[in-house]
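Please look over the sequence and the model before reading on.

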Amino acid sequence: MLKDKVTTLLEEALKEDQSLFLLDFSISADNKIKITLDGDHGVTLQDCMNVSRAIEHNLDREEEDFSLEVASAGAASPIKLPRQYTKNIGRKLEVKTQDGEFEGKLTEASGDSITLEWKDREPKPIGKGKITVQKKQQIAISDIKEAKVVLKF
């Protein structure tokens, strides 16, 4: 019953800000509610507070004791939804598929595939030495096992 009520409240809170979307939602046996959000333009502390308040203020602690945690996806969190690729266009990704691993700049993202580009050093076709070549790989989202943004420090 608690899960149904929280789900309804969460859906209502997310309707108020269409740029936010749900990544993860769970309720443990001891009523710890954990919600992880992401957004098309990132997630601010205020966004988390708004969602938290929308849920917490509509639940009765006298009826059911609970704890609530609303957080944004971490910078190093794996990408889970196709919608997250669009917001990361222009960033460097590390993508693991059945065919291997790719690391490159995300240049395109659609509902079913992404395109990565990177530079690579290859042997010259004639003679000794290497040349730098531009590589491009289109990857179906259904083939991706894991994708993460590569952070630079």
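**Pockets, record and selected residues**

By class, the second largest pocket is lined by five nonpolar, two polar and four charged residues. Ala, Val, Leu, Ile, Met, Phe, Trp, Tyr, Cys and Pro are taken as nonpolar, Asp, Glu, Lys and Arg as charged, and the others, Gly among them, as polar. This is a predicted model, in which local features need pLDDT of at least 70 and side-chain atom pairs count only at pLDDT 80 or more, while totals for chains, interfaces and linings use all residues. Residues are numbered from 1 along each chain as its sequence is written, and side-chain values use heavy atoms, with hydrogens and water left out.

**Second largest pocket**

- The volume of this pocket is about 160 Å³.
- A pocket is an open set of points on a 1 Å grid over the protein atoms alone where a 1.4 Å probe fits, with protein on both sides within 12 Å along at least five of seven lines; lining residues have an atom within 4 Å of a point.
- Grid points are joined across faces, edges and corners, and a volume is the space filled by probe spheres set on the points.
- The lining residues include L9, E12, D47 and N50.
- Helices α1 (2–16) and α2 (45–56) each supply at least two residues of this lining; helices (H or I, at least four residues) and strands (E, at least two) are DSSP runs, numbered from the N terminus.

**Largest pocket**

- The largest pocket holds about 220 Å³ of space.
- Its lining has 16 residues, of which D38, A73, G74, A75 and K87 are the closest to the pocket centre.
- Seven of the lining residues are nonpolar, six polar and three charged.
- The largest pocket lies between domain 1 (2–72) and domain 2 (79–149), because both give residues to its lining; the domain bounds come from an automatic or database domain assignment.

**Record annotation**

- An unreviewed UniProt entry places the feature "domain: Ribosome maturation factor RimP N-terminal" at residues 18–75.
- Residues 18–75 are 21% helix and 38% strand, and the end C-alpha atoms of the span lie 21 Å apart.

**Two residues**

- E108 is found in strand β5 (residues 100–109) and is partly exposed, at a relative accessible area of 43% (partly exposed lies between buried, under 20%, and exposed, over 50%, with a 1.4 Å probe and protein chains only).
- G90 lies in the loop between α3 (82–87) and β4 (92–97) and is partly exposed, at 42% relative accessibility.

Technical notes: UniProt positions are given in the numbering used here, feature names are shortened, and annotations may be inferred rather than shown by experiment.
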